[in-house]
Amino acid sequence: MATDTNKFQALISHAKEYGFIFPSSEIYDGLGAVYDYGQWGSELKKNIKDYWWKSMTQMYENIVGIDAAIFMHPTTWKASGHVDNFSDPMIDNKDSNKRYRVDHLIEAKADDLEKGGHADQAEVLLKEMDTLLAASDFDGLKRLIETYKISCSVSGTSNWTDVRQFNLMFSTQMGSVSDEANEIYLRPETAQGIFVNFLNVQKTGRMKIPFGIAQIGKAFRNEIVARQFIFRMREFEQMEMQFFIRPGTQKEWYEYWKEERMKWHLSLGIPAERYRFHDHVKLAHYADAACDIEYNFPIGFKEVEGIHSRTDFDLRNHQEYSKKKMQYFDSEINQNYIPYVIETSIGVDRTVMMVMSEAYEEQDLSTAEKKDSRVLLKLPAKLAPVKLAILPLVKKDGLPDIARAIMDECKPHFRCFYEEKDTIGKRYRRMDAIGTPFCVTVDHQTKEDNTVTIRYRDTMQQERVNISELKNIVMQQLS
């Protein structure tokens, strides 16, 4: 699990410096594990969401999308198992009063062991932890922490409480007077909005099994130890698809969606060796099979997407708690049944972090004559916040007018950026840093023959092309 802490810190600094991601409420010293997306981060995030949405709802004829509310009837979370099961084993240090998620505490120790050249010990520690977590053996987990002399990062002591479970849902009140209000929850996942609308969508869309319902939306988890930049946040966004199938066919569909989702990841231009599947040791209360697609971040292999065979747990429980039938009549086999479900769930913020991690490069371009370097984001053109930068060489001689005409021609089709300040070299560097794949320079020759210089981000190569060809060159890359 090799990590690159320097690259990770550089990426966090770059994200802030170039308008991708800011700490939330920074003027008030921020809010722990909450982030705001800046002008280029919000574009990148939207492009990722659009790409996923199109790949799910446009490319599959039997998948449709919905947008369910964040607030749901509180019984929803009783039926889903979140009230009773959505908790993590936590431990408190008695001297610092700091609370830790047990798995995070042990994983951090394993990282330290690996960095110290004890990879075998780290592997043994993580295997022991997985076994104890799978058995919900809290006493064993505490003994493991004590055996490895794991200490609190604040107090430096190993004076621990017993391991206990803490629910991760945020609660709030609905109503004008809190004393009279009902307690409701901010949703910890988007999936339940799909399940409670299963019949609405199936009937109004005349959907035949197998079919899927997709959704992109915010979810909220009161993570005790939220960390690692936007990897684990308290407010985050998910892209989920629930695929409804005939009971007994879940193994085939589970394998099918593992393969389909990996194809989507590889379509981002990220090499296959940067990914791996990780099968769950401890299955969630609703699953009969589960795995993660993990990406090799600068902080090591971490989960980006989960694929779960959820059986009929959700629909059956909602039927029981709501007393409304959640059944489907399958005319092919002349049978009523509660469908089984395969879920694909990918974190938007983690995908942003993955795409930026893969794209971030620091290049030394020094020659014998002069020192030079650049930082660039090699973002896929389809995801880049700006597709084309239009740069007049000087602010006079009619060059800005020609550049503005190119801008007007292209901006209805893709995101463009116009800039006339600073030297052309400095402008190129700024565009490299935000991942713009194409820069076009309008110069004095443009006035003579209607050609411009197009510069390619990754190779820095330049060529003269006719203004009339520009739009098509960019559109080809985007498709």
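**Entry 1: ground rules**

Two strands pair, in my notes, if DSSP finds at least two bridges between them. Helices (H or I, at least four residues) and strands (E, at least two) are DSSP runs, numbered from the N terminus. I am working on a predicted model, where local features need pLDDT of at least 70 and side-chain atom pairs count only at pLDDT 80 or more, while totals for chains, interfaces and linings use all residues. Residues are numbered from 1 along each chain as its sequence is written, and side-chain values use heavy atoms, with hydrogens and water left out.

**Entry 2: strand 19 and its partners**

I started with A389, which stands opposite F417 in strand 20. Strand 19 (residues 388-392) and strand 20 (residues 416-418) are parallel, with 3 bridges between them. I390 has a bridge partner in strand 20, Y418, and another in strand 21, V440.

How many residues of strand 19 are buried? I counted 5 of the 5, so the strand is largely enclosed by the rest of the structure. (Buried means under 20% relative accessible area, exposed over 50%, partly exposed in between, with a 1.4 Å probe and protein chains only.) Both faces are covered: L388, I390 and P392 are buried on one side, A389 and L391 on the other.

For angles, axes are lines fitted to C-alpha atoms, for helices over the stretch in contact, and the values run from 0 to 180 degrees between N-to-C directions.

Next I looked at the helices on this sheet.

**Entry 3: D443**

I found D443 in the loop between strand 21 and helix 15 (444-449). Buried or exposed? D443 counts as buried, at 14% relative accessibility. Its side chain makes a polar contact of 2.7 Å with the side chain of R464, and a polar atom of the D443 side chain lies 3.2 Å from the backbone nitrogen of Q445. (A polar contact is a pair of N or O atoms within 3.5 Å; within protein, one must be able to donate a hydrogen and the other to accept it, and residues adjacent in sequence count only if both atoms are side-chain atoms.) Not counting residues up to four places away in sequence, D443 touches L393, L399, T453 and R464; contact means heavy atoms within 4.5 Å.

I then turned to an open sheet of 7 strands, ordered 3-9-10-16-13-12-11 with mixed pairing. Its edges are strand 3 (63-65) and strand 11 (275-279), each pairing on one side only. The twist averages 25° from one strand to the next. Strand 12 (residues 289-297) runs antiparallel to strand 13 (residues 300-311), with 9 bridges joining them, and D292 stands opposite G306 in strand 13. Helix 12 (residues 348-359) packs on this sheet, touching strands 10, 11, 12, 13 and 16, and makes about 35° with the direction of strand 12.

**Entry 4: annotated residues**

The unreviewed UniProt entry has a "binding site" annotation that includes E237 and G347. Its positions are given in the numbering used here, feature names are shortened, and annotations may be inferred rather than shown by experiment. The annotated residues span 247 residues in sequence and the farthest two C-alpha atoms are 25.8 Å apart, so they do not all gather at one spot.

E237 sits in strand 10 (residues 235-245) and is buried at 9% relative accessible area. Its side chain makes a polar contact of 2.9 Å with the side chain of K49. G347 lies in strand 16 (residues 340-347) and is buried at 14%. Leaving aside neighbours within four places in sequence, G347 is in contact with E237 and V304.
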